[in-house]
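Please read this briefing alongside the sequence and the model.

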Amino acid sequence: MTTFNRYSKNPIITRKDIPLSCTNGIESSSVFNPGAILDNGVFHLLLRVQSRQRKTFLTHCSSTNGHDFTVDAQSVKINGINELGFEIFHVYDPRIVKIEDVFLVSAAVDVEEGCRTAIFSTKDFKEMDLIHMGDIDSRNGVLFPEKINGHYCLLDRPNNQFAGGVMSGSQICFSASTDLVSWGRSVPVMSGNHHYWDELIGAGPPPIRTKEGWLLVYHGVATHFMSSNIYQAGVALLDIDEPHKILARCPANIFEPRESYELTGQVPNVVFPTGLLVDASSKNPENCNEVLMYYGAADSSVCLAKTTIQKLLDCFK
Ligand code: BMA
């Protein structure tokens, strides 16, 4: 069964699309793992750009059709990270939601001791302001796209396992906050399956609300080939009111590296979804709406694959 159809003109964004003005005049070597949001008919991506200095930039681009993007001339200015009293090396893998008219961007932040989950706000993707910096080693911080029972809700993935040179983890956790700054107790949502496609896991794009529950696309890493980790995507269904509860989880991956642009590149064998947008403009019944998944391919380019809500729900049958 094919859940996703790749866009025929993949990759949709490569390093050649990034103006030198976005990367301090140094050529880009890769662009991948984009945050995505559809707002008032405009598709926004926040790209993870790496220059040949191996410096990371978050660069905004926009589109009216979801396929053809125009990249801004400047990368996003990130405010509030230079005053923290410790060095920030990279801000990357952004995910975007919009709550109460403000775009909220969660991202991984590399610090001397490891990685942190941070939350920023922006109104225009030209500048973004730090709201919160987590204090545990974690990655794949993903906000739900609306408050649930009056709380902002966050999934993240504590890093407590060593995998191929980086700290990683095998448990997606849930926490809630009334102000985005103080977060309550973190509770486990789901764990990886040792020896299978999803040994290490992390939330992918912000979950999508459906009548059946929250659809969560997440990535799973098969590490048992040691030198060649395989990054794939799977899907789970979370309870609408108590989103730390799993209602269903598809046992197999629903998307895996197959095309040459996913199999080869800076890091081979990687599909890494970070944006999942429902295009409701077709005014179909909810479950027929087109779903666009934006993902990083081989840590080298940005790609697009399409499905529908119904096809994602069918994965649980
Ligand atoms: C993960 C993250 C992602 C990256 C992936 C594959 O640990 O760092 O940003 O795309 O590895 O290299």
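Phe 69 is buried, with a relative accessible area of 15%, where buried means under 20% relative accessible area, exposed over 50% and partly exposed in between (1.4 Å probe, protein chains only). Tyr 294 is buried too, at a relative accessible area of 0%. The model is a predicted one, in which local features need pLDDT of at least 70 and side-chain atom pairs count only at pLDDT 80 or more, while totals for chains, interfaces and linings use all residues. Residues are numbered from 1 along each chain as its sequence is written, and side-chain values use heavy atoms, with hydrogens and water left out.

**Aromatic pairs**

- Rings of Phe, Tyr and Trp (its six-membered ring) pair if their centres lie within 6.5 Å; planes under 30 degrees apart count as stacked, over 60 as edge-to-face and the rest as tilted.
- By this rule the protein has eight aromatic pairs.
- The ring centres of Phe 69 and Tyr 294 are 5.9 Å apart and their planes stand at 85 degrees, so this pair is edge-to-face.
- Phe 69 sits in the loop between strand E4 (56-63) and strand E5 (70-71), and Tyr 294 belongs to strand E23 (residues 290-297), so the pair ties together parts 225 residues apart in sequence.
- Phe 144 and Phe 174 also form an edge-to-face pair, at 6.1 Å centre to centre and 75 degrees between the planes.
- Because Phe 144 is in the loop between strand E11 (138-143) and strand E12 (152-158) and Phe 174 is in strand E15 (residues 171-177), this pair ties together parts 30 residues apart in sequence.
- Both Phe 144 and Phe 174 are buried.
- One aromatic cluster is formed by Phe 4, Phe 255 and Tyr 295.

**Fold and size**

- The protein has two helices and 24 strands; these are DSSP runs numbered from the N terminus, with helices (H or I) of at least four residues and strands (E) of at least two.
- The radius of gyration is 18 Å, close to the 20 Å that the globule rule gives for 317 residues, so the protein is as compact as a globular protein of that length. The radius is taken over C-alpha atoms, and the rule is 2.2 Å times the number of residues to the power 0.38.
- Along the principal axes, the C-alpha atoms fill a box of roughly 50 × 45 × 45 Å.

**Burial and contacts**

- Of the 317 residues, 56% are buried.
- Among contacts (heavy atoms within 4.5 Å) between residues at least 6 apart in sequence, 50% join residues at least 24 apart.
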